[in-house]
Amino acid sequence: PAMQNAGIAKLGLNWRYLAFEVHPNDLRTAIAGAQAMKFIGLNLTVPHKVLAMDMVDELDESAKTWGAVNTVRFEARDSDGQWQPLNHFPDSIPGEIRSRGFNTDADGVARSLREDLGLELAGAKVFMLGTGGAGQVAALRLAVENVAEMFLVDYVKTKAEAVAQEIQKRHPRVKVAVGFPNGPVDLLLHATPLGLKAGDAFPLDEKQFPLRQARAVYDMIYRPAETALLAAAKAAGCRTANGIGMLLYQGAKALEIWSGQTAPVAVMRQALEENVYGS
């Protein structure tokens, strides 16, 4: 909310962004309620992103491509019968409203990897640790970026296998394997929840893959700012970054989807960092 409200204020919009805790069993009802109350839109986070694929009225190409919804925009028909975002109707919203699901995570993670790690993705060797909702999106996005090789590991092996099969089907030029790399990689991308809470188990089995074999380590977790994984990676000499850049860029794109205006990224970054880290 701090990031989005700063962006909303900078754009001069009479909106307010609020956070609500919703149980997965109530997600369909929550989306329908927001639609009935004529919300401009929603963001969805873990564990709602894949579930929402079947709960919105229409899927944008981005959601179809990446298999998850993290942004919802509510729309109504204009006088020509064309679907428009609700902010297109300043006075009154006519008739039927529909929900349209987007995914902004994919572009957010690619931009953050480039800007926060200085990483050239084309031709890179990538080790993905975790292939759930966010990990799946990241893996598919990196395949689009023409990485050379990907290694996928998940606590539930069938998840990793399903993502590997999808990559092979869509991007046959990318080598993909389920299991640990047996040599150096350009990037280790961590996409599990381990590290969010104090006392969480260390997410990587270093007997299977020593951290020193990764040139760079990216942890999608951004709070705490330095997880146990990132601290160990830094000690091993790796370049490191957390997921705050991904959060920023996916949020900025969501604001653009709702408003039709260019998001004030610098303002949003400052508000986000002050809120998360107090700096």
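Helix H1 (2-10) meets helix H9 (residues 265-277) in this predicted model through Ala 2, Met 3, Gln 4, Ala 6, Gly 7 and Lys 10. Their partners in H9 are Val 267, Met 268, Ala 271, Leu 272 and Asn 275. Contact means heavy atoms within 4.5 Å. Helices (H or I, at least four residues) and strands (E, at least two) are DSSP runs, numbered from the N terminus. Residues are numbered from 1 along each chain as its sequence is written, and side-chain values use heavy atoms, with hydrogens and water left out. Local features need pLDDT of at least 70 and side-chain atom pairs count only at pLDDT 80 or more, whereas totals for chains, interfaces and linings use all residues.

H1 and H9 pack at an angle of about 150°, and their axes are 8 Å apart. That angle makes H1 roughly antiparallel to H9. Axes are lines fitted to C-alpha atoms, for helices over the stretch in contact, and angles run from 0 to 180 degrees between N-to-C directions. Angles under 35 degrees count as roughly parallel, over 145 as roughly antiparallel, 65 to 115 as roughly perpendicular and the rest as oblique. The H1 and H9 crossing is right-handed. A crossing is right-handed if the near helix is turned clockwise from the far one by less than a right angle, and left-handed if anticlockwise.

Buried residues of H1 are Met 3, Gln 4, Asn 5, Ala 6, Gly 7 and Ile 8. Buried means under 20% relative accessible area, exposed over 50%, and partly exposed in between (1.4 Å probe, protein chains only). Strand E1 (41-43), H8 and H9 pack against these residues. Just after H1, Gly 12 has a positive phi of about 70°.

H9 also packs with helix H8 (244-259). Here the angle is about 135° and the axes are 10 Å apart. H8 and H9 are therefore oblique to each other. Their crossing is right-handed. On the H8 side, the contacts come from Ile 244, Leu 247, Leu 248, Tyr 249, Gly 251, Ala 252 and Leu 255. On the H9 side, they come from Val 265, Met 268, Arg 269, Leu 272, Glu 273, Val 276 and Tyr 277.

Helix H4 (residues 105-117) has 13 residues. At 1.5 Å a residue, H4 should span 18 Å, and its end C-alpha atoms are 17 Å apart, which agrees. The expected span is 1.5 Å times one less than the number of residues. Asp 105, Ala 106, Gly 108, Val 109, Ala 110, Ser 112, Leu 113 and Leu 117 of H4 are buried. Their cover includes helix H3 (61-66), helix H5 (133-144), strand E9 (185-190), strand E10 (214-219), strand E11 (239-242) and H8.

The largest nonpolar core has 36 residues. A nonpolar core is a set of buried Ala, Val, Leu, Ile, Met, Phe, Trp, Tyr and Cys residues joined through side-chain atoms within 4.5 Å. Met 128, Met 150, Leu 152, Ile 167, Leu 189 and Tyr 218 have the most contacts inside this core. At least two core residues come from each of H4, strand E6 (125-129), H5, strand E7 (149-153), helix H6 (157-170), E9 and E10. H5 gives the most, with seven residues. Leu 152 touches residues including Met 128, Ala 139, Val 163, Ile 167 and Val 178, not counting residues up to four places away in sequence. A second, separate core has 20 residues, among them Leu 247, Tyr 249, Ala 252 and Met 268.

Several loops carry backbone exceptions. Most residues other than glycine have a negative phi, and most peptide bonds are trans. Lys 38 is not a glycine but has a positive phi of about 60°. Lys 38 sits in the loop between H2 and E1 and is partly exposed, at 44% relative accessible area. Asn 146, also not a glycine, has a positive phi of about 65°. Asn 146 sits in the loop between H5 and E7, and its 38% relative accessibility counts as partly exposed.

A cis peptide bond joins Val 46 and Pro 47, with omega about 5°. Pro 47 is in the loop between E1 and strand E2 (58-59). The bond from Arg 223 to Pro 224 is cis too, with omega near 10°. Pro 224 lies in the loop between E10 and helix H7 (228-235).
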